[in-house]
Amino acid sequence: MANRLKNARSPYLLAHAQDPVDWYPFGGEAFQKAQAEGKPIFLSVGYYACHWCHVMHRESFQDEEVAALLNAHFVPVKVDREERPDVDAAYMRALVSLTGQGGWPMSLFLTPEGKPFFGGTYFPKEDRMGLPGFRRVLLAVAEAWREKREGILQEAEHLTQALWRSLNPPPGPVPKEAEEEALAHLVQAFDPEWGGFLPAPKFPQGTLLLYLLARAWEGEERARALLPKTLRAMALGGLYDQVGGGFHRYSVDRFWRVPHFEKMLYDNALLARVYLGAYKVFGDPLFLRVARETLDWLLSMQAKEGGFYTALDAESEGEEGRYYTWTEAELAEALGEDFPLARRYFALGEDLGGRSVLTAWGEVEVARELGEAFAPWRERVRQKLLATRRRRMPPALDDKVLADWSALAVRALAEGGRLLGEGRYLEAARKGAHFLLQTMRKEGLLRHAWRGGSLGEEAFLSDQSFTALALLELYTATGEWPYLAQAQVLAEAAWTAFVGGKASPKLPLPAGEVEEATLPSGESALAEAFFRLGAIFQGDYVERAEGLLETRALWLSRYPQALPGALLAKSLLERGTELALPLPSPMAQAAKETFLPLTQVIVGPPGALPALEGREAGRAYVCRRGVCALPVLEWGEVLREVRGV
């Protein structure tokens, strides 16, 4: 018999709709029942591509005995963390405060008012792997609630108040030394042998890599030293899908060899931009190949309507990584005469239950041996393996569309189309932007989630700010003003609806993000958008961007390396440039093809935009915070001006 999740939009929630657990969606009905019956809430947060979420589902939530305990003593609430990032952020921070660590599935016990008092992540049904069994945990919490309720309520209140105090600091001046301190920390944490940052597990941290890339473009030697080894190791290791392109979620080891096999849209959208820019900065052809293959993977995730699907599952046939791993016999059968050389190329040897993750550690040796024949040989091998792999049961697809993640894909494809001159990437970006603006916008705001024609009601700052940045990139790539106008409209809507009201009135805990090594916060992204809009339209946009950064000042002073999105916005505000190219201009095409991470390019007829007023066609005007150098006629001189050399 179906429970209350049967009408959910999320595939993750729908997967639990037939559980014997009497699940409630997060919302008023669950809280009212808990308060009316005096029961604690059991909050379970996960996502569709999460392997251990599936394991706990099979072991516990489909088990009649466990379900009976949950239904008798608790009000069970199930949340898709991707559909409700505010709920996830608020309660994950509470879990870390309670236990010192977090992760998914998140398993929290709350008072009827939603205040947390006990929790963990994955619990096996019975005691195992040094973890208490979930059945035993449920019985212990139920007993404690009966016998020690007053003490539990007091502790939950103390934790809630502490979270509010610590996560809503007053704004202050942005520390000047934040970038220097962040770089010093990253240098200390750097793994000199394998790249990335210790300790393992290692995540790709797309926003952090984009910040380091901007610093490397500026010529910062430490950033230039950190990036190439990291990017090559990630691209040649098992973190990268050597057959189908695109990156898995993270590596369990320091060698980037064995991944958790989920493929997330946001990781790949950010990393496509990282490798595109890294190719332009360092000239390594490996970076170009990985950028193209990752952009192609993004194309494979685009729905016919235009939005981008969220993720591919970690498992198939009930086994994590089954789709992506190989035995030697399978490789030999698929590759035929290419197998002996491919075995060296993929550097087989470390098995996962008799199956191997494909790496490309032998690339340098095999490429040297084959010379000009290497690229066609590798592509032939890749196509053979793809043909074989497509006959396997594929991982499940999370086919909901999230506005902010889709915007990241739109921005990556627009940038790829611009820097590589690839029309197919640009057309996909146009289609994605049209879907966001026409299908996911309601009453002036982009809504967060869509699936199969059903649009959710929640809207978040990241949906608006990420999309504004994607539209600004489309304007840069095409010169078409409707994208610019819509970016301005969305940024203004975000400012009105979200700034100054970070905490949702529907949640008992603060929901704002702090750490942003993987995804930038909505505030940091909006600050970047305001810098770029200020370069074009002038007005008070730069002052607004500075105000947004000031809300992050305390965190920038304490943990600057954890806020690379804010550091990138800081770099733009302090050292970013505006490049005005009144048309017709012989330099307009060069500007499209050049990687300029800290520059906003403004193209149009003289006088058409505030930044183009009083400008003469055919000349280039480089400005910083409204102070402009003398106009120049040569592209080489433009590059020297924007770099400040």
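Tutor: Start with one pair of side chains in this predicted model. The side chain of Glu363 makes a polar contact with the side chain of Tyr345, at 2.8 Å.

Student: What makes the pair Glu363 and Tyr345 a polar contact?

Tutor: The cut-off is 3.5 Å between N or O atoms, with one able to donate a hydrogen and the other to accept it. The distance here is 2.8 Å, so the pair counts as a polar contact.

Student: Where is Glu363 placed?

Tutor: Glu363 is in helix H15, residues 363-370.

Student: Why is Glu363 called buried?

Tutor: Buried means under 20% relative accessible area. Glu363 has 7%, so the label is buried.

Student: Which residues is Glu363 in contact with, leaving aside neighbours within four places in sequence?

Tutor: They are Leu236, Leu286, Arg289, Tyr345, Phe374 and Arg378.

Student: Is Ser251 buried or exposed?

Tutor: Ser251 has a relative accessible area of 0%. Buried means under 20%, so Ser251 is buried. This residue is found in strand S6, residues 250-251.

Student: What does the side chain of Ser251 reach?

Tutor: The backbone oxygen of Asp253, at 2.9 Å. A polar atom of the Ser251 side chain also lies 3.5 Å from the backbone nitrogen of Trp256.

Student: Which residues does Ser251 touch, not counting those up to four places away in sequence?

Tutor: Ser251 touches Pro201, Lys202, Leu239, Trp256, Arg257, Val258 and Pro259.

Student: Why does Thr121 count as partly exposed?

Tutor: Partly exposed lies between the buried limit of 20% and the exposed limit of 50%. Thr121 has 24% relative accessibility, so it counts as partly exposed. Thr121 is found in the loop between strand S5 (116-120) and helix H6 (134-147).

Student: What is Thr121 in contact with, leaving aside its neighbours within four places in sequence?

Tutor: Its contacts are Met56, Leu95, Gly102, Gly103, Pro105, Met106 and Ser107.

Student: How do you know that the span of helix H20 is close to the one expected?

Tutor: H20, residues 481-498, has 18 residues. The expected span is 1.5 Å times one less than the number of residues. For H20 that gives 26 Å, and the helix reaches 26 Å from its first C-alpha to its last.

Student: Which residues of H20 are buried?

Tutor: Tyr483, Leu484, Ala487, Leu490, Ala491, Ala493, Ala494 and Phe498. What covers them includes helices H18, H19 and H21, and strands S15 and S16.

Student: How do you know that empty space is left?

Tutor: Rolling a probe the size of a water molecule over the atoms shows it. The structure holds five cavities of 30 Å³ or more.

Student: What is the volume of the largest cavity, and how many residues line it?

Tutor: The volume is about 330 Å³. The largest cavity is lined by 23 residues, with Arg273, Arg411, Arg532, Leu596 and Pro597 nearest its centre. H19 gives the largest share of that lining, four residues. By class, the lining has twelve nonpolar, four polar and seven charged residues.

Student: What about the second largest cavity?

Tutor: Its volume is about 160 Å³. The second largest cavity is lined by 14 residues, and Arg273, Arg411, Pro520, Glu528 and Leu568 lie nearest its centre. H21 gives the most to this lining, with three residues.

Notes: Residues numbered from 1 in each chain as written. Predicted model: local features only at pLDDT ≥ 70, side-chain atom pairs only at ≥ 80, totals over all residues. Heavy atoms only, no water. Helix = DSSP H or I, 4+ residues; strand = E, 2+ residues; numbered from the N terminus. Buried < 20%, exposed > 50% of the residue type's maximum accessible area, 1.4 Å probe, protein only. Contact = heavy atoms within 4.5 Å. 1 Å grid on protein atoms, 1.4 Å probe; cavity = no way out; pocket = protein on both sides within 12 Å on 5 of 7 lines; lining within 4 Å. Points joined across faces, edges and corners; volume = space filled by probe spheres on them. Nonpolar A, V, L, I, M, F, W, Y, C, P; charged D, E, K, R; others polar.
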